[in-house]
Amino acid sequence: MSVSLFLKASKIFENALDFTIVHHKVDSYVVDEFIAESGRWFSLLNDDDDDATRQIRLKLWNLRSSVLESLLDYNSNELKLKMNFQELHLISQCNPNLEERLKTLSGIVHFMLDNPENPKKEAVFRILNDSEDNGKGMAIVVSSSRMSVFQLNQQLIKDIKQLAPKCKLILNRRMLLENALSKIILPTGGRYCPFINELYFGYLSRRLDIVTYHKERVLRPERAPLPVGSISLSGMVQPTSVYEEHTDENEVRVDTWVQKQFWESIRGTTQNQLSSSLNEKDRSFYVKSRLILLAGGCKTFLQDDTKVIEISDLIEGRADIQKIGRKYPRRLVSQLREGDLIVLRTSGSGDYLQDVSKALMLKSGQNDLHETALAWKKMLRDGLETYGSELIASELAKKNFKLNSHKYIWMWTTDQVIRPQSIHMFYELIAVLDELNCSDEITEPLKMVDIWWKQMKEIIRFHMKAGQEIRNALLQRLGKMIRDNIIITDSCRLSLPDVDAGEMSIFRVTGVDSQTVDIPYYHTGAIVQAEALGFNG
């Protein structure tokens with residue numbers, strides 16, 4: 001649980017008076033050679049930005065970050081060092097300028113795989129082993145960022161807890177800000193840490209221990225200047241730094257290139273993939289969506305104005321599961337942040353709520369309800385594909401039913417919006433479709449309006465019941481995870497007890513695009529791997 005505001009303020013004040021930065025340099029000739037060799041690759045590739053060169057640069061960056069940003073041994077399955085190098089090797093063979101470089105890098109990587117002990121892990125473990133009171137007041141930053149994922153597995157977490165049982169794992173900005181600490185260990189140079197400024201200038205610990213390899217670049221942010229005033233700051237205590245910064249112009253240039261290319265490349269690649277796979281049916285219906293990056297190298301587009309289940313407050317102890325009541329832990333997609341934990345569908349097809357409600361219909365003997373009640377949606381889709389949403393909206397406007405956007409009519413073809421807002425609007429919509437001869441398969445559709453409306457009321461009732469079942473099962477499962485002290489670093493499969501539908505998973509958000517893009521509705525919510533981009537996510 002988070003500390004009290006008074007205790008936290010007092011601790012920050014104490015820390016500010018005696019703040020120290022200690023830089024631990026890890027001796028590893030092979031990793032330093034790895035860093036130097038990857039730097040030679042980047043220099044050789046220059047700033048060429050044709051697609052082939054860009055892919056090599058991204059794969060190389062991915063390989064390097066998997067080594068520098070992790071405490072896992074080099075042969076661990078989670079690190080994927082061998083797989084990352086194989087992918088780089090495959091796309092680099094076609095570049096004759098890289099032939100010698102590829103041989104050298106291959107020798108380094110294979111040496112690391114044959115000698116898998118991670119020296120950075122050993123350095124961090126030495127700090128933990130020297131801690132007092134079982135690591136009380138200590139924390140290790142293991143945060144995911146949009147650029148890379150700090151790799152963990154359950155064995156590593158177990159080893160950390162065995163050395164320092166009271167040491168905390170900082171997974172996101174909120175977990176950092178809610179703690180009052182004496183020492184924080186940052187086992188990277190901080191180049192991609194999303195809360196690097198808070199670590200340096202928030203005085204959230206008395207000491208910041210940075211653990212890096214000799215040639216690993218360290219980012220030390222600059223404090224923003226205070227406004228000019230009449231108060232003298234000459235007596236203000238300055239932090240003590242046992243610290244040596246390694247700066248390499250090529251490293252800086254690579255980081256700048258990666259940061260600049262990141263969102264542009266991921267958007268461009270995704271849209272190219274969509275363009276090649278879409279059929280005409282998909283192209284006609286776009287919705288504003290936001291690209292969400294997930295730990296474990298996954299990505300998904302989520303419709304921007306919808307809500308998703310977000311449970312970080314429950315899992316990380318900021319909210320009491322017993323006090324949730326009837327409230328559903330959900331958050332707008334537009335309000336998601338790095339570090340959030342969201343629940344998404346990972347098996348089965350369609351929407352989880354729809355499948356659970358259909359299962360309930362089947363149990364109650366109304367297995368045809370969904371198909372018969374929503375038969376009119378095929379009429380609507382046919383009309384939209386034939387005449388377009390603008391014409392149908394204008395015909396509705398003539399009948400005094402105006403929409404803010406004619407494109408919204410497409411939402412009525414989905415299970416997300418069961419029906420128009422009133423039976424009067426629904427009647428006029430069916431009348432428009434009938435007048436446009438979109439009702440070939442349904443005779444006298446206007447006579448079906450009242451029947452459809454009553455059936456859709458039943459569907460909504462089943463949806464409410466399904467939502468309650470999902471909520472109860474979800475909270476039951478989360479309660480067990482909390483009692484078992486489960487720590488979710490990247491993702492976790494979630495099978496809900498007694499709920500008849502596919503599997504769900506909990507994902508930690510590692511990046512949220514600041515921009516929305518128009519994506520075909522039926523491609524939103526799909527979780528896909530992001531390896532094609534060359535990023536870990």
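Author: What follows is a set of questions and answers, starting with the whole chain.
This is a predicted model, in which local features need pLDDT of at least 70 and side-chain atom pairs count only at pLDDT 80 or more, while totals for chains, interfaces and linings use all residues. Residues are numbered from 1 along each chain as its sequence is written, and side-chain values use heavy atoms, with hydrogens and water left out.

Reader: How many helices and strands does the chain have?

Author: Helices (H or I, at least four residues) and strands (E, at least two) are taken as DSSP runs, numbered from the N terminus. On that basis the secondary structure of the chain comes to 18 helices and 14 strands.

Reader: What share of the residues counts as buried?

Author: A residue is buried when its relative accessible area is under 20%, exposed when it is over 50%, and partly exposed in between (1.4 Å probe, protein chains only). Of the 537 residues of the chain, the share that counts as buried is 50%.

Reader: Which residues have the most contacts inside the largest nonpolar core?

Author: A nonpolar core is a set of buried Ala, Val, Leu, Ile, Met, Phe, Trp, Tyr and Cys residues joined through side-chain atoms within 4.5 Å. The largest one has 68 residues, and those with the most contacts inside it are Leu 128 and Leu 199.

Reader: Which helix gives the most to this core?

Author: In soluble globular proteins, nonpolar side chains tend to be buried together. In the largest core, which has 68 residues, the greatest contribution is 7 residues, and it comes from helix H2 (residues 29–45).

Reader: Is Ser 357 buried or exposed?

Author: Ser 357 lies in helix H13 (residues 352–363), and a polar atom of its side chain is 2.8 Å from the backbone oxygen of Gln 354. Leaving aside neighbours within four places in sequence, Ser 357 is in contact (heavy atoms within 4.5 Å) with Phe 462, His 463 and Ala 466. Because its relative accessible area is 0%, Ser 357 is buried.

Reader: Which residues does Ile 91 touch, not counting those up to four places away in sequence?

Author: Ile 91 is found in helix H4 (residues 81–92), and with 24% relative accessibility it counts as partly exposed. Ile 91 and Ala 52 are 39 residues apart in sequence, yet 7.8 Å apart in space, C-alpha to C-alpha. Not counting residues up to four places away in sequence, Ile 91 touches Gln 55, Ile 56 and Lys 59.

Note on methods
A polar contact is a pair of N or O atoms within 3.5 Å; within protein, one must be able to donate a hydrogen and the other to accept it, and residues adjacent in sequence count only if both atoms are side-chain atoms.
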